[in-house]
Amino acid sequence: MGYCDGKWTPVIIMITINSALGLGNALVKKVLDGGVNHMVIATYRLAISTLFLAPIAFFWERTTRPKLTLNILVQLFFSALVGASLTQYFFLLGLSYTSATIACAFISMSPAVTFVLSLVFRVEKLNMKSKAGMGMVMGTLICIGGALLLTMYKGVPLTKFHKLESHLLTNHNPALKPENWIVGCVLLFAGSSCFGSWMLIQSKVNDKYPCQYSSTVILSFFGTIQCALLSLIKSRDITAWILTDKLDIMTIIYAGAVAQGICTVGTSWCIRKRGPIFTSVFTPVGLVFATLFDFSILLRQICIGSVIGSGIVIFGLYIFLLGKVRQMKEECEKKLPSHFGQEESQDDEHYKKGHHLMVVPMTP
């Protein structure tokens, strides 16, 4: 199906979803700045997501759900450890040291990171002689260059605050300290790497258990337990789990139910309608809205380094996606006309079985 076929529903949904994710990251950043433990946020967020998606998974996949074996459960447990627990640990810790804008920029480069990891583990082959291969490599390198710029260069601020306000922000916000900024970017890259690794792991799990929503619920459930244990290992202060501030409570509910649950369902529907490349194109929308919320809600300074670095990451993402689209076209052209209809029906069947459909259990 073409992208410009007059049907705007998937476009509107993806813009809304990424806007919601941008707002969610900005609000979570504000809660982190208030002193809430990042693993407490991850635990509550995954727990709410589990409760939200469980009824959907139960009714939607009740006739297609295969038998859940011990082997599949073990694989889902380790998949949750990488894709939910470790991803959230690094991402939220990195977010506490940086900003929602930088965090969304690192999320935008997740497809390129996944591509690199797939080459390292020989999951995907690359033909450097083709234009598609060169485009994907070039896009990946540009994304990495943008990430390095985000990490090493902040530059002059493009927005100005009053001296008193700027002094208060500097004293209370660790993200404004250069050393913490670099550490935060390294943690965000580690989170993106864990997320990319999870994509490869979960693609194998989906072969044996092709129920996206049920798989997501199990992953979120395991992730809830794992994040709670990680938090208790670091600190056994029970008062850290008691949230009294209304904004903290509403933010975590929003992050779990809306930014995690509803966005998961909406993204899944759009992938079925238009494919994963289409949904990836809208990732920078979250970056734009995160920047707006960063400035308007958190009163955070926007630096020229963040703008240039984020722009380079987005440019690299689109170069990578164009290369991926070209690769898909080249693979289609290799199909013999006499077998095209048969292979196309097989592709549709693979779609139904979940080989190309990835429902993310935890939005980084």
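**Helices, core and aromatic pairs in a predicted model**

Helix α12 covers residues 283-296 and holds 14 residues. From its first C-alpha to its last, α12 reaches 21 Å, close to the 20 Å expected at 1.5 Å a residue. The model is predicted. Several residues of α12 are buried: Thr283, Pro284, Val285, Gly286, Leu287, Ala290, Thr291, Phe293 and Asp294. The cover over these buried residues includes α1 (9-33), α4, α11 (276-281) and α13 (304-333).

The chain as a whole is built from helices. Its secondary structure comes to 14 helices and 0 strands. Of its 364 residues, 48% count as buried. The chain exposes about 18,000 Å². Carbon and sulfur atoms supply 69% of that area.

The largest nonpolar core has 45 residues. Within this core, Ile41 and Phe106 touch the most other members. Helix α4 (residues 100-108) gives the most to the core, with 7 residues.

Helix α2 spans residues 38-60 and contains Thr50. The relative accessibility of Thr50 is 11%, so Thr50 counts as buried, the limit being under 20%. Beyond residues up to four places away in sequence, Thr50 touches Val217, Ser220, Phe221 and Thr224.

Ala257 belongs to helix α10, residues 246-274. Its relative accessible area is 17%, and Ala257 is therefore buried. Ala257 and Leu51 are 206 residues apart along the chain, yet their C-alpha atoms are separated by 8.6 Å. With neighbours within four places in sequence left aside, Ala257 is in contact with Ile48, Phe52 and Ile262.

Gly191 is buried, because its relative accessible area is 3%. Between Gly191 and Leu93 there are 98 residues of separation in sequence and 9.4 Å in space, C-alpha to C-alpha. Neighbours within four places aside, the contacts of Gly191 are Thr87, Phe90 and Phe91.

Aromatic rings were examined next. The structure holds 10 aromatic pairs. One of them joins Tyr44 and Trp241 in an edge-to-face arrangement. The ring centres of Tyr44 and Trp241 are 5.7 Å apart, with 85° between the planes. Tyr44 lies in helix α2, and Trp241 lies in the loop between α9 (212-234) and α10. The pair therefore ties together parts that are 197 residues apart in sequence. Tyr44 has 27% relative accessibility and so counts as partly exposed. Trp241, at 17% relative accessibility, counts as buried.

Phe77 and Phe222 form a further pair. Their ring centres are 5.4 Å apart and their planes meet at 75°, so this pair is edge-to-face, a class that needs an angle over 60 degrees. Phe77 is in helix α3 (residues 70-97) and Phe222 is in helix α9. The pair links distant parts of the chain, 145 residues apart. Phe77 is partly exposed, as its relative accessible area is 34%. Phe222 is buried, with a relative accessible area of 16%. Phe77 and Phe222 also belong to one aromatic cluster with Phe78 and Phe221. Phe221 is one of the residues that Thr50 touches.

A charged side chain is also placed against a ring. Lys154 lies over the face of Trp181. The distance from the ring centre is 4.5 Å.

Note on methods. Residues numbered from 1 in each chain as written. Predicted model: local features only at pLDDT ≥ 70, side-chain atom pairs only at ≥ 80, totals over all residues. Heavy atoms only, no water. Helix = DSSP H or I, 4+ residues; strand = E, 2+ residues; numbered from the N terminus. Buried < 20%, exposed > 50% of the residue type's maximum accessible area, 1.4 Å probe, protein only. Contact = heavy atoms within 4.5 Å. Core = buried A, V, L, I, M, F, W, Y, C linked by side-chain atoms within 4.5 Å. Phe/Tyr/Trp six-rings, centres within 6.5 Å; stacked < 30°, edge-to-face > 60°. Lys NZ or Arg CZ within 6 Å of the ring centre and 35° of its normal. Areas by Shrake-Rupley, 256 points an atom, 1.4 Å probe, with all protein chains shown as cover. Expected span 1.5 Å × (residues − 1).
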